[in-house]
Amino acid sequence: MKRVLLIIGGGIAAYKCLDLIRRLGERGIAVRCVMTQAAQAFITPLAVGAISNEPVATDLFDLDAEREIGHIRMAREADLVVVAPATADLLARMAQGHANDLATAVLLATRAPVLAAPAMNPAMWSHPATQRNVRQLKTDGVSFIGPNAGEMAEKGEAGVGRMAEVAELVARIESLLDGAGRGDGGFGFLNVAAVRSARASLAGRHVLVTSGPTHEPIDPVRYIANRSSGKQGHAIAAAARRLGARVTLVSGPVQLPDPEGVEVRHVQTAREMLEAAEAALPADLAVFAAAVADWRVAAPGGGKIKKAAGAPPPSLELVENPDILRTIAKRGPRRPALVIGFAAETQNVVEYAKAKRKAKGVDWMVANDVSEKSGVFGAERTRVHLITAEGVEDWPDMGKAEVADALLRRAAAYLAERRESV
Ligand code: CTP
């Protein structure tokens, strides 16, 4: 019998947990519950205990409960830990690794996968502090479901902050329990062990990332550019740093802050990007997420090009830019052990990306659809395909930060394997 440890947080959505426990029970899943002190203001341990048919744990320092089943054992015996509702405060304490009550102590002690179902006021959910905590928790291997958009308990309030519905929770819990032990190929539910081994593999390694567009001057005030926001590349640099790598990010002009702890080289043109990337070598892993301009103006004007009345518009002669990825992926003593390229395509996404992988001598290619209908450029979410020598994996719709985390974990596993086989 599969065992879920349900940690009930202190929010109005706690009432949904009673139904959740019942639905899981109907599916033959045992549910043991821990309630935070705040949760007990919304539903009673008596009701939870009656429905779950198990004693409810509420206190870290309850001698009887600890004698019967200690919090460490409770943490160990679970196949999955579910935090619902995951309040802003609980998420903050989880992200910090607090252990000042039973719920957080269990969360710190467990090695089981953790699923959090946030529920809070929309303003609290969108607050940078909450979003920072969520990012941290995702990096630590916690999976999330919701919150959904809709009406809030407070009259007249609506937005993103409602806890996922019970049916959604049940479906996700079942699929996580199904996948438990099988691994998830690097995304979906992430477990603590996977994050730990990625950290062990990347610690002290050097990761080079290119990001953003390039600007190719036409004259001192005009340039050729593209729509790249740099979000994906910057997320990759940040993810590599969080996993303990030394990171050099070569960035074209973007509207993003430098990721914390990352060495950033700001450049404008493709040629400057190549120079900075080469200067950063050697690296163990190189990820080329920049949308480098393929062409530059052959002879940019030294002064601003003026329009004269009646004169024809100037014509621009273009010449090809160096291919940074192709240059660095070339065999040689300075080639990084793993070279990853990105392919932004508007049609035949996978086929073109496969061809690019071979043509550029790249190990892995991350392909995404940037056609207008996909809305990927500048967006937070994306749908990618990972193309390796072994084949093509279609990844589900994910946030760019999630893609970065999953990609880095995969890269870390690849590097660890290579190290072992050397
Ligand atoms: N890239 C690079 N330097 C260039 C052009 C591209 O490093 N001058 C890298 C990108 O960072 C990306 C990959 O190559 O990782 C794919 O680039 P893309 O522009 O999509 O491919 P191209 O070879 O330019 O093909 P096309 O423009 O015809 O689609």
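Me: Which residue stands opposite alanine 149 in strand 7?
Reply: Valine 160 does. This is a predicted model, where local features need pLDDT of at least 70, side-chain atom pairs count only at pLDDT 80 or more, and totals for chains, interfaces and linings use all residues. Residues are numbered from 1 along each chain as its sequence is written.

Me: How do strand 6 and strand 7 pair?
Reply: In the antiparallel sense over four bridges, with strand 6 at residues 148-151 and strand 7 at 158-162. Strands are DSSP runs of E, at least two residues, numbered from the N terminus, and two of them pair if DSSP finds at least two bridges between them.

Me: What's between them?
Reply: Six residues, which makes a hairpin of strand 6 and strand 7. In the turn, glycine 156 has a positive phi of about 80 degrees.

Me: Other topic. What's the strand order in the open sheet of eight?
Reply: 12-11-8-13-16-17-19-20, with mixed pairing.

Me: Which are the edge strands?
Reply: Strand 12 (263-266) and strand 20 (391-394), each of which pairs on one side only.

Me: And in what sense does strand 11 pair with strand 12?
Reply: Parallel, over four bridges, with strand 11 at residues 246-251. Threonine 248 stands opposite glutamate 263 in strand 12.

Me: Now the ligand. How many residues surround it?
Reply: 15, the closest being Phe288, Val292, Ile324, Leu325 and Gly341. A residue counts if its C-beta atom, placed from the backbone, lies within 6 Å.

Me: Where does the largest share of that shell come from?
Reply: Strand 16, with four residues. Strand 16 (338-345) and helix 13 (324-329) each supply at least two; helices are DSSP runs of H or I, at least four residues.
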